[in-house]
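The following note is intended for a colleague who is meeting this structure for the first time. Please read the numbered points alongside the sequence and the model.

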Amino acid sequence: MKRQLLLGLILTAAAGVAASAETAPADVAYEDGAVAQSLSGAAGNPEEGAKVISTRSLGNCVACHAITAMPSAAFQGNIGPSLDGVAGRWDEAGLRGIVSDAKMTFDGTMMPSFYKTGPYIRPGDAFTGKAAEGELPPLLSAQQIEDVVAYLMTLKE
Amino acid sequence: MKFRALASTCAIVAFAGVAANADPADDTLVINGEIPIVTHTDAAPPYIEGLTEQYSGWHFREADTRAMEQDDFDNPGMLGVEAAAANWNEVDGTAGKACASCHEAPESMAGVRTQMPKYSEAKGTMMTLEMYINECRTERMGAEAWGWDDAAMVNMTALISSVSRGLPMNVAVDGPAAPYWEQGKEMYYTRYGQLELSCANCHEDNYGNYIRADHLSQGQINGFPVYRLKDAKLSSIHNRFKGCVRDTRAETFKPGSPEFIALEVYVASRGNGLSVESPSIRN
């Protein structure tokens, strides 16, 4: 019994080490809203980022933002500013900060925080309307954030 | 070079097109050529700080959807009203009574919807139209209560609302209603769920804007129950609240819950002055 417990602890520690290149949502260091380091420790892939941005079940950024370079994403919203030329307005660290937790840059903004685990008021299990069980994973993974940032960096005027 | 200039002009035109459509439609609603409906006012009630004018959700729907509401023969929500009208005369329950036994014609209900939800002194609680209907069924007819979203219930609320069409919404916000109104207001500005969105984020700050394909309205309830083309049936106020809270990735509340009753009091008051419009048509 005791041995099993110990083994469990060792495994947990090992998992911690394996993921150490990744920054956990609670450990992200924001400096004036910006985040200097890659959250996953790896570079982003702009093509994957484009998918995250346009897919309803992932980032669904186009629900609120228009992107002219992405005509295949139908019905782009206009709640937030158009993202055309956004790489000219923000550097990579600024964009990483906005996509991870826009409230660190824009106080009280309507934009959801994509790399955060709470606290939330009445957190739900995705779109089921049921209560979430346990702590929710962030809306996007560290690598998905990096992919999105890499795509946004291509949006130069 | 020439091609690029042309392409960017096209882009500008296309964009301007979207922006123009984003405004609430400049249009007026008269039902059956005889019931003028106030769908827009230049001033919200003084206790609604966040709104300078009021719009019915009707203004945010496409022209063909708006047109369906101009004539009862084109309004599929009227089928529910007709079903309820038949029900109105049908005896149900141990007391051997129908609605008509006590209330004569449905037209006797004119004005009732404008004040809902309304505090019941007898019950000592805030009551919605659904609750008044069930009170009659269980206490005066000896019939079974209907579920909040049963077709019979939603149809009956549509019938009772329809005879108030054109009359201004006028729910009380003071006296015994005050604590419910305060609770509802607090909920309206609470950012629920993993997306951390409040009713006000979508329906106060962004009405007229698009969230993906959806043209955001003020989330008024003067048109409820609404016939939703997407569901091909009438839908209750609380059913719509449930969906909107769910869409914030939150644990939603139940239709008929104390929370949604309070929220209904507050949201109804945001529409005080707009005409009762139900059954209306929405996507």
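With which residue does Asp247(B) form a salt bridge?

1. Asp247(B) forms a salt bridge with Arg246(B), and their closest N and O atoms lie 3.5 Å apart. A salt bridge here is a side-chain nitrogen of Lys or Arg within 4 Å of a carboxyl oxygen of Asp or Glu. Asp247(B) counts as partly exposed because its relative accessibility is 40%; Arg246(B), with a relative accessible area of 31%, is partly exposed as well. In these terms, buried means under 20% relative accessible area, exposed means over 50%, and partly exposed lies in between (1.4 Å probe, protein chains only).

2. On the basis of the note: this is a predicted model, in which local features need pLDDT of at least 70 and side-chain atom pairs count only at pLDDT 80 or more, whereas totals for chains, interfaces and linings use all residues. Residues are numbered from 1 along each chain as its sequence is written, chains are lettered from A and ligands numbered from 1 in the order in which they are written, and side-chain values use heavy atoms, with hydrogens and water left out.

3. Over all chains, the count comes to 17 salt bridges. One of them joins the side chains of Asp72(B) and Arg165(B), at 3.0 Å from N to O. This pair links distant parts of the chain, 93 residues apart: Asp72(B) is in the loop between α2 (63–68) and α3 of chain B, and Arg165(B) is in the loop between α6 and α7 (178–188) of chain B. Asp72(B) is buried, with a relative accessible area of 18%, and Arg165(B) is buried at 12%.

4. A further salt bridge, at 2.7 Å from N to O, is made by the side chains of Glu204(B) and Arg270(B). Here too distant parts of the chain are linked, 66 residues apart, with Glu204(B) in the loop between α8 (199–203) and β7 (210–211) of chain B and Arg270(B) in helix α10 (residues 258–270) of chain B. Both Glu204(B) and Arg270(B) are buried.

5. Helix packing in chain B also deserves attention. Helix α3 (residues 77–88) and helix α6 (residues 151–162) of chain B pack at an angle of about 95 degrees, with their axes 8 Å apart. The two helices, α3(B) and α6(B), are therefore roughly perpendicular to each other, a term that covers angles of 65 to 115 degrees.

6. In chain A, helix α4 (residues 92–101) is mostly covered, with 9 of its 10 residues buried. The buried residues include Leu95(A), Ile98(A) and Val99(A). They pack against α3 (86–89) and α5 (142–152) of chain A. Helices (H or I, at least four residues) and strands (E, at least two) are DSSP runs, numbered from the N terminus.

7. Finally, the interface: 36 residues of chain A are in contact with 25 residues of chain B. Together the chains bury about 2,600 Å², 54% of it on carbon and sulfur atoms; buried area is the accessible area (1.4 Å probe) that two parts lose on being put together, summed over both. Between chain A and chain B the count is 3 salt bridges, and Arg122(A) forms a salt bridge with Glu251(B), the closest N and O atoms being 3.9 Å apart.

Notes. Contact means heavy atoms within 4.5 Å. Axes are lines fitted to C-alpha atoms, for helices over the stretch in contact, and angles run from 0 to 180 degrees between N-to-C directions. Angles under 35 degrees count as roughly parallel, over 145 as roughly antiparallel, 65 to 115 as roughly perpendicular and the rest as oblique.
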